[in-house]
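Please examine the sequence and the structure shown below. The paragraphs that follow lead through them step by step.

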Amino acid sequence: MDEPSYLALIHAEIDSELNDHQRADLSRLLLADPAIRALRDEMHRLNRTLNAIPQADPPAELRANIIAALPQIPARAQRVNWASSRWRYAAMLAGVLLTGSIVFRLVNFGQEPATSEMAGTLAPAHSASTSTLDVIQLPQGPVSGQVSLVGDGSHAALEMLLAASAPVDVVIETEGHTARVNGLGPRGSHGAGPTRIDLPGSATEGRPVHLTFLMGGQEVSRAVLQGSKSP
Amino acid sequence: MKEYDDATLVQRSLEGDRAAFSELIVRYQRPVYNAALRLLHDAEEAKDVAQTTFLNVFEHLADYDPNYKFYSWIYRIAVNESLNTLGKRRPLEELDGEEVDGAPGPDRQAESDQTRTVIEDALMKITPELRSVVVLRHVMHLSYEDMAQTLALPEKTVKSRLYSARQLLRTMLAQDGEI
(Lines give C-alpha, C1' and ligand atoms only; values in the text may rest on other atoms or scores of the structure.)
Protein backbone atom coordinates (compact mmCIF):
# COMPACT_ATOMS: atom_id res chain seq x y z
CA MET A 1 0.00 0.00 0.00
CA ASP A 2 1.38 3.44 -0.81
CA GLU A 3 2.00 5.97 1.94
CA PRO A 4 -0.99 8.24 1.38
CA SER A 5 -3.37 5.28 1.72
CA TYR A 6 -2.13 4.04 5.06
CA LEU A 7 -1.79 7.60 6.30
CA ALA A 8 -5.43 8.19 5.40
CA LEU A 9 -6.38 5.11 7.41
CA ILE A 10 -4.41 6.35 10.41
CA HIS A 11 -6.02 9.79 10.21
CA ALA A 12 -9.47 8.23 9.91
CA GLU A 13 -8.75 6.01 12.90
CA ILE A 14 -7.74 9.06 14.95
CA ASP A 15 -11.00 10.75 13.99
CA SER A 16 -13.13 7.65 14.71
CA GLU A 17 -14.24 7.60 11.09
CA LEU A 18 -13.03 4.10 10.12
CA ASN A 19 -15.51 1.52 8.88
CA ASP A 20 -15.04 -2.17 9.64
CA HIS A 21 -13.35 -2.92 6.35
CA GLN A 22 -10.89 -0.05 6.76
CA ARG A 23 -10.20 -1.05 10.35
CA ALA A 24 -9.28 -4.54 9.21
CA ASP A 25 -6.99 -3.12 6.53
CA LEU A 26 -5.22 -0.92 9.05
CA SER A 27 -4.79 -3.78 11.53
CA ARG A 28 -3.17 -5.87 8.82
CA LEU A 29 -0.78 -3.07 7.91
CA LEU A 30 0.16 -2.39 11.53
CA LEU A 31 0.96 -6.03 12.12
CA ALA A 32 3.10 -6.20 9.02
CA ASP A 33 5.15 -3.02 9.30
CA PRO A 34 6.80 -1.59 12.45
CA ALA A 35 7.41 1.71 10.67
CA ILE A 36 3.68 2.16 10.15
CA ARG A 37 3.12 1.31 13.83
CA ALA A 38 5.63 3.95 14.85
CA LEU A 39 4.02 6.50 12.60
CA ARG A 40 0.59 5.66 13.96
CA ASP A 41 1.84 6.08 17.55
CA GLU A 42 3.27 9.46 16.67
CA MET A 43 0.02 10.57 15.03
CA HIS A 44 -1.91 9.54 18.12
CA ARG A 45 0.46 11.59 20.29
CA LEU A 46 -0.10 14.54 17.97
CA ASN A 47 -3.85 14.01 18.26
CA ARG A 48 -3.68 14.04 22.06
CA THR A 49 -1.55 17.18 21.98
CA LEU A 50 -3.96 19.00 19.68
CA ASN A 51 -7.01 17.86 21.63
CA ALA A 52 -5.41 19.36 24.72
CA ILE A 53 -5.50 22.86 23.26
CA PRO A 54 -7.12 24.73 26.13
CA GLN A 55 -10.56 26.30 25.88
CA ALA A 56 -10.65 29.91 27.00
CA ASP A 57 -13.60 31.48 28.74
CA PRO A 58 -15.23 34.16 26.62
CA PRO A 59 -15.11 37.66 28.11
CA ALA A 60 -17.77 38.10 30.79
CA GLU A 61 -19.27 41.11 29.07
CA LEU A 62 -19.55 39.46 25.63
CA ARG A 63 -23.19 38.42 25.90
CA ALA A 64 -24.35 41.75 27.29
CA ASN A 65 -22.42 43.58 24.58
CA ILE A 66 -24.07 41.50 21.87
CA ILE A 67 -27.54 41.97 23.34
CA ALA A 68 -26.91 45.70 23.64
CA ALA A 69 -25.84 45.94 20.00
CA LEU A 70 -28.78 43.99 18.56
CA PRO A 71 -31.20 45.87 16.36
CA GLN A 72 -34.84 45.73 17.41
CA ILE A 73 -35.84 42.67 15.40
CA PRO A 74 -34.08 40.26 13.05
CA ALA A 75 -34.22 41.13 9.37
CA ARG A 76 -37.37 39.95 7.67
CA ALA A 77 -38.93 38.65 10.87
CA GLN A 78 -42.22 37.06 10.05
CA ARG A 79 -44.25 38.33 12.97
CA VAL A 80 -43.88 39.89 16.36
CA ASN A 81 -45.65 38.38 19.33
CA TRP A 82 -47.91 40.28 21.64
CA ALA A 83 -45.50 40.27 24.55
CA SER A 84 -42.64 41.86 22.64
CA SER A 85 -44.99 44.53 21.25
CA ARG A 86 -45.99 45.33 24.77
CA TRP A 87 -42.37 45.65 25.78
CA ARG A 88 -41.70 47.95 22.89
CA TYR A 89 -44.65 50.10 23.85
CA ALA A 90 -43.31 50.22 27.41
CA ALA A 91 -39.91 51.33 26.14
CA MET A 92 -41.53 53.90 23.86
CA LEU A 93 -43.58 55.19 26.77
CA ALA A 94 -40.43 55.49 28.86
CA GLY A 95 -38.83 57.46 26.03
CA VAL A 96 -41.82 59.77 25.77
CA LEU A 97 -41.75 60.37 29.53
CA LEU A 98 -38.04 61.04 29.40
CA THR A 99 -38.45 63.52 26.57
CA GLY A 100 -41.29 65.16 28.47
CA SER A 101 -39.11 65.62 31.50
CA ILE A 102 -36.37 67.21 29.41
CA VAL A 103 -38.80 69.69 27.91
CA PHE A 104 -40.29 70.36 31.34
CA ARG A 105 -36.92 71.12 32.86
CA LEU A 106 -35.81 73.27 29.95
CA VAL A 107 -39.01 75.32 30.11
CA ASN A 108 -38.68 75.69 33.89
CA PHE A 109 -34.94 76.43 33.88
CA GLY A 110 -34.07 78.35 37.03
CA GLN A 111 -37.20 77.16 38.80
CA GLU A 112 -35.97 73.77 39.93
CA PRO A 113 -38.91 71.68 41.13
CA ALA A 114 -38.72 69.61 44.27
CA THR A 115 -37.74 65.99 43.73
CA SER A 116 -41.18 64.78 44.68
CA GLU A 117 -42.74 67.15 42.18
CA MET A 118 -40.34 65.90 39.51
CA ALA A 119 -41.15 62.32 40.36
CA GLY A 120 -44.84 63.07 40.05
CA THR A 121 -44.27 64.30 36.53
CA LEU A 122 -42.72 61.07 35.43
CA ALA A 123 -44.23 58.45 37.65
CA PRO A 124 -47.73 58.92 38.91
CA ALA A 125 -48.34 58.10 42.55
CA HIS A 126 -49.19 54.48 43.22
CA SER A 127 -52.76 53.46 43.56
CA ALA A 128 -53.86 52.55 47.06
CA SER A 129 -53.41 48.82 46.40
CA THR A 130 -49.92 49.12 44.87
CA SER A 131 -47.12 47.97 47.13
CA THR A 132 -43.36 47.82 46.93
CA LEU A 133 -42.25 44.21 46.52
CA ASP A 134 -38.49 44.68 46.48
CA VAL A 135 -36.04 47.56 46.55
CA ILE A 136 -32.35 47.57 45.80
CA GLN A 137 -29.80 50.31 46.20
CA LEU A 138 -27.13 50.11 43.53
CA PRO A 139 -23.66 50.38 45.06
CA GLN A 140 -21.51 53.38 44.30
CA GLY A 141 -20.02 52.98 40.87
CA PRO A 142 -20.47 54.24 37.33
CA VAL A 143 -24.20 53.99 37.94
CA SER A 144 -25.90 54.29 41.33
CA GLY A 145 -29.39 54.89 42.64
CA GLN A 146 -32.45 52.90 43.55
CA VAL A 147 -34.61 50.41 41.70
CA SER A 148 -37.97 49.31 43.08
CA LEU A 149 -40.22 46.45 42.02
CA VAL A 150 -43.83 47.46 42.64
CA GLY A 151 -47.09 45.64 42.03
CA ASP A 152 -50.77 45.48 42.87
CA GLY A 153 -51.39 41.76 42.47
CA SER A 154 -52.29 41.92 38.81
CA HIS A 155 -49.61 44.26 37.46
CA ALA A 156 -45.96 44.77 38.16
CA ALA A 157 -43.57 47.54 37.29
CA LEU A 158 -40.04 48.75 37.87
CA GLU A 159 -39.34 52.22 39.17
CA MET A 160 -35.80 53.36 38.56
CA LEU A 161 -34.13 56.45 39.95
CA LEU A 162 -30.58 56.37 38.63
CA ALA A 163 -27.58 58.63 38.78
CA ALA A 164 -24.66 58.29 36.43
CA SER A 165 -22.05 60.36 34.69
CA ALA A 166 -23.32 59.28 31.27
CA PRO A 167 -26.56 57.86 29.87
CA VAL A 168 -27.32 54.37 31.12
CA ASP A 169 -29.05 51.65 29.12
CA VAL A 170 -30.87 48.98 31.13
CA VAL A 171 -31.56 45.48 29.83
CA ILE A 172 -34.46 43.89 31.73
CA GLU A 173 -34.98 40.11 31.63
CA THR A 174 -37.79 38.26 33.33
CA GLU A 175 -39.61 35.04 32.55
CA GLY A 176 -38.17 34.77 29.07
CA HIS A 177 -38.95 38.38 28.17
CA THR A 178 -36.24 40.89 27.44
CA ALA A 179 -36.57 44.63 27.08
CA ARG A 180 -34.12 47.46 26.92
CA VAL A 181 -34.56 51.06 28.07
CA ASN A 182 -31.99 53.52 26.81
CA GLY A 183 -30.59 56.80 28.06
CA LEU A 184 -31.51 56.81 31.74
CA GLY A 185 -30.05 58.72 34.63
CA PRO A 186 -27.15 61.00 33.65
CA ARG A 187 -26.44 63.06 36.75
CA GLY A 188 -26.58 66.76 36.26
CA SER A 189 -28.29 66.48 32.91
CA HIS A 190 -31.88 66.20 31.96
CA GLY A 191 -34.09 63.23 32.55
CA ALA A 192 -32.72 62.18 35.94
CA GLY A 193 -36.16 61.56 37.46
CA PRO A 194 -37.65 58.15 38.25
CA THR A 195 -38.73 56.04 35.32
CA ARG A 196 -41.52 53.47 35.55
CA ILE A 197 -41.44 50.39 33.31
CA ASP A 198 -44.42 48.04 33.22
CA LEU A 199 -43.55 44.35 33.36
CA PRO A 200 -45.56 41.59 31.74
CA GLY A 201 -47.77 39.63 34.14
CA SER A 202 -47.79 39.78 37.91
CA ALA A 203 -44.77 40.20 40.17
CA THR A 204 -46.21 38.27 43.08
CA GLU A 205 -45.01 34.84 42.10
CA GLY A 206 -41.44 35.01 43.34
CA ARG A 207 -40.04 35.41 39.86
CA PRO A 208 -36.70 37.21 39.53
CA VAL A 209 -36.21 40.31 37.42
CA HIS A 210 -32.65 40.57 36.13
CA LEU A 211 -31.24 43.99 35.31
CA THR A 212 -28.05 44.68 33.39
CA PHE A 213 -26.82 48.27 33.35
CA LEU A 214 -24.75 49.35 30.37
CA MET A 215 -22.76 52.49 29.67
CA GLY A 216 -21.29 52.98 26.24
CA GLY A 217 -22.30 49.41 25.43
CA GLN A 218 -20.23 48.02 28.33
CA GLU A 219 -21.79 46.28 31.30
CA VAL A 220 -21.21 48.33 34.46
CA SER A 221 -23.56 46.75 36.96
CA ARG A 222 -26.10 43.99 37.52
CA ALA A 223 -29.01 43.57 39.90
CA VAL A 224 -31.79 41.12 40.59
CA LEU A 225 -35.15 41.95 42.15
CA GLN A 226 -37.59 39.34 43.33
CA GLY A 227 -41.35 39.59 43.74
CA SER A 228 -42.74 38.11 46.93
CA LYS A 229 -44.08 34.57 46.87
CA SER A 230 -47.81 34.06 46.87
CA PRO A 231 -49.10 33.09 50.29
CA MET B 1 -35.63 29.31 30.35
CA LYS B 2 -36.72 25.80 29.44
CA GLU B 3 -34.19 23.87 27.36
CA TYR B 4 -35.25 24.35 23.75
CA ASP B 5 -33.51 22.96 20.69
CA ASP B 6 -31.72 25.31 18.33
CA ALA B 7 -34.49 25.31 15.72
CA THR B 8 -37.09 26.38 18.30
CA LEU B 9 -34.85 29.14 19.62
CA VAL B 10 -34.23 30.37 16.07
CA GLN B 11 -37.95 30.42 15.34
CA ARG B 12 -38.72 32.26 18.56
CA SER B 13 -35.95 34.75 17.83
CA LEU B 14 -37.51 35.40 14.44
CA GLU B 15 -40.78 36.10 16.22
CA GLY B 16 -39.09 38.81 18.25
CA ASP B 17 -38.25 36.85 21.40
CA ARG B 18 -34.90 38.33 22.39
CA ALA B 19 -34.55 35.98 25.34
CA ALA B 20 -34.49 33.09 22.84
CA PHE B 21 -31.65 34.73 20.97
CA SER B 22 -29.91 35.42 24.26
CA GLU B 23 -30.10 31.67 24.94
CA LEU B 24 -28.44 30.98 21.59
CA ILE B 25 -25.64 33.34 22.58
CA VAL B 26 -25.19 31.56 25.90
CA ARG B 27 -25.11 28.24 24.07
CA TYR B 28 -22.58 29.19 21.40
CA GLN B 29 -20.48 32.09 22.69
CA ARG B 30 -17.81 29.79 24.07
CA PRO B 31 -17.15 27.68 20.93
CA VAL B 32 -17.45 30.70 18.66
CA TYR B 33 -15.01 32.71 20.78
CA ASN B 34 -12.57 29.80 21.01
CA ALA B 35 -12.66 29.14 17.28
CA ALA B 36 -11.86 32.78 16.62
CA LEU B 37 -9.18 32.82 19.31
CA ARG B 38 -7.37 29.83 17.86
CA LEU B 39 -7.64 31.11 14.32
CA LEU B 40 -6.51 34.64 15.18
CA HIS B 41 -4.26 34.13 18.22
CA ASP B 42 -5.53 37.47 19.55
CA ALA B 43 -8.07 37.75 22.36
CA GLU B 44 -9.31 41.23 21.48
CA GLU B 45 -9.87 40.34 17.83
CA ALA B 46 -11.53 37.08 18.87
CA LYS B 47 -13.98 39.02 21.03
CA ASP B 48 -14.77 41.35 18.14
CA VAL B 49 -15.25 38.41 15.78
CA ALA B 50 -17.56 36.67 18.25
CA GLN B 51 -19.66 39.79 18.61
CA THR B 52 -19.80 40.38 14.86
CA THR B 53 -20.68 36.73 14.30
CA PHE B 54 -23.73 36.90 16.56
CA LEU B 55 -24.86 40.20 15.10
CA ASN B 56 -24.60 38.71 11.61
CA VAL B 57 -26.50 35.66 12.76
CA PHE B 58 -29.26 37.86 14.16
CA GLU B 59 -29.34 40.02 11.05
CA HIS B 60 -29.60 37.02 8.71
CA LEU B 61 -31.60 34.68 10.90
CA ALA B 62 -34.37 34.52 8.32
CA ASP B 63 -31.85 33.14 5.80
CA TYR B 64 -30.96 30.16 7.98
CA ASP B 65 -31.99 26.88 6.38
CA PRO B 66 -33.28 24.57 9.12
CA ASN B 67 -32.35 21.57 7.00
CA TYR B 68 -28.77 22.23 8.08
CA LYS B 69 -27.40 22.15 11.60
CA PHE B 70 -27.54 25.54 13.24
CA TYR B 71 -24.06 25.20 14.71
CA SER B 72 -22.58 24.51 11.27
CA TRP B 73 -24.11 27.75 10.08
CA ILE B 74 -22.91 29.85 13.01
CA TYR B 75 -19.43 28.28 12.94
CA ARG B 76 -19.21 29.02 9.23
CA ILE B 77 -19.95 32.68 9.91
CA ALA B 78 -17.39 32.71 12.72
CA VAL B 79 -14.68 31.10 10.58
CA ASN B 80 -15.36 33.46 7.68
CA GLU B 81 -15.27 36.47 10.00
CA SER B 82 -11.97 35.25 11.42
CA LEU B 83 -10.49 34.72 7.96
CA ASN B 84 -11.66 38.21 6.96
CA THR B 85 -9.95 39.63 10.04
CA LEU B 86 -6.77 37.76 9.20
CA GLY B 87 -6.95 39.12 5.67
CA LYS B 88 -6.99 42.68 6.97
CA ARG B 89 -3.80 42.20 8.97
CA ARG B 90 -0.49 43.32 7.62
CA PRO B 91 1.64 40.29 6.66
CA LEU B 92 4.23 40.77 9.40
CA GLU B 93 1.62 40.85 12.14
CA GLU B 94 0.60 37.30 11.48
CA LEU B 95 4.06 35.95 12.06
CA ASP B 96 5.23 37.99 15.02
CA GLY B 97 4.62 35.06 17.37
CA GLU B 98 3.49 37.20 20.31
CA GLU B 99 1.64 35.73 23.25
CA VAL B 100 -2.15 35.82 23.23
CA ASP B 101 -3.14 38.74 25.40
CA GLY B 102 -5.77 38.17 28.03
CA ALA B 103 -7.08 34.91 26.64
CA PRO B 104 -6.13 32.37 29.26
CA GLY B 105 -8.59 31.24 31.87
CA PRO B 106 -7.37 30.38 35.36
CA ASP B 107 -6.71 26.75 34.51
CA ARG B 108 -4.32 27.68 31.74
CA GLN B 109 -1.70 28.74 34.23
CA ALA B 110 -1.44 25.14 35.35
CA GLU B 111 -0.72 23.93 31.86
CA SER B 112 2.76 23.68 30.49
CA ASP B 113 3.28 27.17 29.11
CA GLN B 114 5.98 26.01 26.79
CA THR B 115 3.89 23.25 25.24
CA ARG B 116 0.97 25.60 24.76
CA THR B 117 3.14 28.26 23.20
CA VAL B 118 4.76 25.76 20.86
CA ILE B 119 1.37 24.43 19.72
CA GLU B 120 -0.07 27.91 19.24
CA ASP B 121 3.01 29.06 17.35
CA ALA B 122 2.88 25.97 15.16
CA LEU B 123 -0.80 26.60 14.42
CA MET B 124 -0.03 30.15 13.36
CA LYS B 125 2.66 28.93 10.97
CA ILE B 126 0.25 26.93 8.81
CA THR B 127 -2.12 28.62 6.39
CA PRO B 128 -5.48 29.91 7.67
CA GLU B 129 -7.27 27.34 5.49
CA LEU B 130 -5.38 24.46 7.10
CA ARG B 131 -5.69 26.06 10.54
CA SER B 132 -9.46 26.24 10.10
CA VAL B 133 -9.82 22.49 9.74
CA VAL B 134 -7.55 21.83 12.71
CA VAL B 135 -9.61 24.20 14.87
CA LEU B 136 -12.91 22.70 13.74
CA ARG B 137 -11.67 19.18 14.40
CA HIS B 138 -9.55 19.57 17.55
CA VAL B 139 -11.11 22.60 19.25
CA MET B 140 -14.73 22.28 18.15
CA HIS B 141 -14.58 18.46 17.80
CA LEU B 142 -16.69 18.39 14.64
CA SER B 143 -17.06 15.31 12.43
CA TYR B 144 -15.84 15.29 8.82
CA GLU B 145 -19.43 15.80 7.69
CA ASP B 146 -20.00 18.79 9.97
CA MET B 147 -16.66 20.30 9.01
CA ALA B 148 -17.59 19.99 5.35
CA GLN B 149 -20.94 21.64 5.99
CA THR B 150 -19.34 24.38 8.05
CA LEU B 151 -16.70 25.20 5.46
CA ALA B 152 -18.99 24.57 2.48
CA LEU B 153 -16.40 22.21 1.05
CA PRO B 154 -16.55 18.60 -0.14
CA GLU B 155 -15.74 16.14 2.63
CA LYS B 156 -12.82 14.87 0.58
CA THR B 157 -11.27 18.33 0.54
CA VAL B 158 -11.75 18.71 4.27
CA LYS B 159 -10.01 15.40 4.93
CA SER B 160 -7.17 16.28 2.60
CA ARG B 161 -6.64 19.61 4.37
CA LEU B 162 -6.82 18.04 7.80
CA TYR B 163 -4.29 15.38 6.91
CA SER B 164 -1.94 17.95 5.38
CA ALA B 165 -2.26 20.19 8.42
CA ARG B 166 -1.47 17.33 10.77
CA GLN B 167 1.54 16.31 8.75
CA LEU B 168 2.91 19.84 8.96
CA LEU B 169 2.17 20.11 12.67
CA ARG B 170 3.69 16.69 13.31
CA THR B 171 6.91 17.79 11.67
CA MET B 172 7.02 21.09 13.57
CA LEU B 173 6.13 19.63 16.96
CA ALA B 174 8.48 16.69 16.54
CA GLN B 175 11.33 19.13 15.86
CA ASP B 176 10.47 20.88 19.12
CA GLY B 177 10.27 17.57 20.97
CA GLU B 178 6.62 18.06 21.85
CA ILE B 179 5.37 14.74 20.49
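**A guided reading of the model**

Phe70(B) counts as buried, with 3% relative accessibility; buried means under 20% relative accessible area, exposed over 50%, and partly exposed in between, with a 1.4 Å probe and protein chains only. This is a predicted model, in which local features need pLDDT of at least 70 and side-chain atom pairs count only at pLDDT 80 or more, while totals for chains, interfaces and linings use all residues. Residues are numbered from 1 along each chain as its sequence is written, chains are lettered from A and ligands numbered from 1 in the order in which they are written, and side-chain values use heavy atoms, with hydrogens and water left out.

Phe70(B) belongs to helix H4 (residues 70-88) of chain B; helices (H or I, at least four residues) and strands (E, at least two) are DSSP runs, numbered from the N terminus. Contact means heavy atoms within 4.5 Å. Leaving aside residues up to four places away in sequence, Phe70(B) touches Asp6(B), Val10(B), Leu24(B), Tyr28(B), Val57(B), Leu61(B) and Tyr64(B). Asp6(B) is 64 residues from Phe70(B) along the chain, yet their C-alpha atoms are separated by 6.6 Å.

Chain B as a whole has 9 helices and 0 strands. Of its 179 residues, 55% are buried. When contacts in chain B between residues at least 6 apart in sequence are considered, 62% of them join residues at least 24 apart. The chain exposes about 8000 Å², and carbon and sulfur atoms supply 47% of that area; accessible areas come from the Shrake-Rupley method with a 1.4 Å probe, and for residues only the protein chains shown count as cover.

Another buried residue is Thr53(B), at 0% relative accessibility. Thr53(B) lies in helix H3 of chain B. Apart from residues up to four places away in sequence, Thr53(B) touches Val32(B), Ile74(B), Ile77(B), Ala78(B) and Glu81(B).

A salt bridge is a side-chain nitrogen of Lys or Arg within 4 Å of a carboxyl oxygen of Asp or Glu, and the structure holds 17 of them over all chains. In one of these, the side chains of Glu120(B) and Arg38(B) meet at 2.7 Å, N to O. This pair links distant parts of the chain, since Glu120(B) lies in helix H6 (residues 113-125) and Arg38(B) in helix H2 of chain B, 82 residues apart. Glu120(B) is buried at 5% relative accessibility, and Arg38(B) is buried at 3%.

Lys69(B) forms a salt bridge with Asp146(B), the closest N and O atoms being 2.6 Å apart. Because Lys69(B) lies in the loop between H3 and H4 of chain B and Asp146(B) in helix H8 (residues 144-151) of chain B, the pair ties together parts that are 77 residues apart in sequence. Lys69(B) is partly exposed at 33% relative accessibility, whereas Asp146(B) is buried at 6%.

Glu23(B) and Arg27(B) also meet in a salt bridge (3.9 Å, N to O). They are 4 residues apart in helix H2 of chain B, which means a separation of about one helical turn. Both belong to a network of salt bridges that also links Glu3(B) and Asp6(B).

The discussion now turns to the interface between the chains. The contact takes 48 residues from chain A and 51 residues from chain B. The area buried between them is about 4700 Å², of which carbon and sulfur atoms give 59%; buried area is the accessible area (1.4 Å probe) that two parts lose on being put together, summed over both. Across this interface of chain A and chain B there are 5 salt bridges. Arg170(B) forms a salt bridge with Glu42(A), with the closest N and O atoms 2.9 Å apart. Glu42(A) is placed in helix H3 (residues 34-51) of chain A, and Glu42(A) touches Arg170(B), Ala174(B) and Ile179(B), not counting residues up to four places away in sequence.

What covers its buried residues includes strand E4 (168-174), E5, strand E7 (208-215) and strand E8 (218-226) of chain A, together with helix H2 (18-40) and helix H3 (43-59) of chain B.
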